[in-house]
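Please read it beside the sequence and the coordinates.

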Amino acid sequence: MKPAPFAYKRARSVDEAVALLAENDARLLAGGQSLIATLNMRLSAPGLLIDINGLGELAGIAVKGGAVEIGALTRHVQAERSELIAEQAPLIARAMPHIGHPAIRNRGTLGGSVAFADPAAELPACLLALDGEIEATGPKGKRTIKAQDFFKGLFETALGQQEVLTAIRVPAAGKDTRVGFSELARRHGDYAIVGLAASARANGKGLSDIRLAYFGVGNTPVRAKKAEMALANGNIDAAVNALDLAPHDDVQATAAVKIHLAGVLLRRVAKQLLEPRS
Amino acid sequence: MSGVAFDISLTVNGERVHERVDARKTLADFLREDLALTGTHIGCEHGVCGACTLRVNGEIVRGCLMLAVQCEGARVETIEGMSDSGEVADLQTAFERRNALQCGYCTPGMIAAAQDLLKRGGLPTRDEIREHLSGNYCRCTGYHAIVDAVEAVAQARAKGR
């Protein structure tokens with residue numbers, strides 16, 4: 001199908017984008033790799049598209065005060081090739097090859113993926129696993145939202161109507177940081193049937209501060225807190241048994257299959273978490 | 001300026017193009033309908049099948065997931081341009097020789113994605129070839145012949161270097 005007609009405007013600054021969002025039915029166009037698909041299918045029919053692709057100040061990766069800050073317009077391909085991300089945000093580096101396909105990663109942006117909040121997407125779960133935060137800019141200036149407070153429901157976030165997601169921040173990895181990532185998809189690069197992003201701190205021979213963030217098993221990425229506690233005691237079998245996810249059947253798999261696969265992924269990711277960082 | 005139709009200037013296969021387009025027109029539709037460059041195929045129109053893969057500013061993208069109006073000032077290269085320059089002639093020959101196509105609908109996107117991998121140099125493994133082509137559906141061949149063709153060209157190019 002073809003998109004319904006809409007007006008289009010290139011924003012010249014974040015402030016202008018914020019002001020334009022006051023219009024009814026206005027949507028931001030970043031990488032467009034989800035939005036334009038929904039326009040083509042007429043699942044979405046905004047009155048005005050505000051193209052923010054010209055806002056170079058929103059793209060870039062930097063370490064600031066112990067955190068890795070990634071500008072919202074940073075494209076997946078830039079994060080995938082970034083040495084800084086590989087060293088300081090290894091969980092995001094591990095997730096990157098699973099996000100779409102090369103042609104998608106050339107256009108798609110990290111901010112767009114987080115703001116879209118697809119429940120089966122990789123980056124929202126990475127942010128939750130890393131206890132990351134989201135910077136939003138609105139009419140009253142900037143504010144910071146913790147990842148755990150950002151994802152509210154199915155494709156629903158804490159962003160206000162006139163707010164632009166301008167950056168994401170995750171703690172820079174230290175020597176004792178451990179991360180794990182795995183997902184199962186019908187085809188490499190497709191949305192996951194189930195996926196798991198995890199972070200932890202090496203603590204002697206064991207792990208502490210374990211955060212397991214599943215995606216594809218609910219309306220938002222979800223922590224498996226009981227499994228985190230069991231894993232902290234070093235018992236992988238107990239952690240798998242403690243998984244208390246409540247997925248629904250969807251077009252890809254039944255809830256029972258998803259629960260089984262969540263256990264498979266936990267075993268794989270637990271192994272990654274226990275590996276020393278190279 | 002906010003509106004529903006825009007004048008755009010861009011380069012398509014090395015030629016300057018000036019056209020007026022509706023904001024809602026995708027790059028793939030613009031190339032096919034306004035410029036009669038029908039080598040860019042349209043399959044799913046939501047970024048899944050890869051039939052519309054082409055290059056914008058040197059990087060492969062989905063033609064159905066970009067708007068033409070976003071290509072102001074861009075350098076667009078379609079399968080027609082890649083064919084005419086001879087850049088993908090060896091890939092085209094290998095696809096033909098190894099039966100890496102039957103109906104041919106996916107082939108322009110497949111060649112564009114394969115060339116994107118091969119132009120980086122090196123000798124990709126079969127797994128790397130499969131991964132790089134993972135965003136391109138082929139409903140005829142079962143993919144083996146396509147991987148064979150791309151691998152053969154990678155080896156031939158490596159020898160020629």
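In chain B, 13 residues of domain 1 are in contact with 14 residues of domain 2, where two residues are in contact if their C-beta atoms, placed from the backbone, lie within 7 Å. On the side of domain 1 of chain B that touches domain 2 of chain B, strand 3 (53-56) and helix 2 (79-84) of chain B each supply at least two residues, and the largest share, 3 residues, comes from strand 3 of chain B. Helices (H or I, at least four residues) and strands (E, at least two) are DSSP runs, numbered from the N terminus. The domains themselves span 5-82 for domain 1 and 86-160 for domain 2 of chain B, with bounds that come from an automatic or database domain assignment, and their centres, taken over C-alpha atoms, are separated by 22 Å.

This is a predicted model, in which local features need pLDDT of at least 70 and side-chain atom pairs count only at pLDDT 80 or more, while totals for chains, interfaces and linings use all residues. Residues are numbered from 1 along each chain as its sequence is written, and chains are lettered from A and ligands numbered from 1 in the order in which they are written.

Helix 3 (residues 89-97) of chain B packs against helix 6 (residues 144-160) of chain B at an angle of about 135°, with their axes 9 Å apart; axes are lines fitted to C-alpha atoms, for helices over the stretch in contact, and angles run from 0 to 180 degrees between N-to-C directions. Helix 3 of chain B is therefore oblique to helix 6 of chain B, since angles under 35 degrees count as roughly parallel, over 145 as roughly antiparallel, 65 to 115 as roughly perpendicular and the rest as oblique. The contact is made by B:D90, B:L91, B:A94 and B:F95 of helix 3 of chain B together with B:A149, B:A152, B:V153 and B:A156 of helix 6 of chain B.

The contact between the chains takes 27 residues from chain B and 27 residues from chain A. The class make-up of two of the sides described here is as follows.

| Domain 1 of chain B, touching domain 2 of chain B | 7 residues | 5 residues | 1 residue |

Notes: Nonpolar A, V, L, I, M, F, W, Y, C, P; charged D, E, K, R; others polar.
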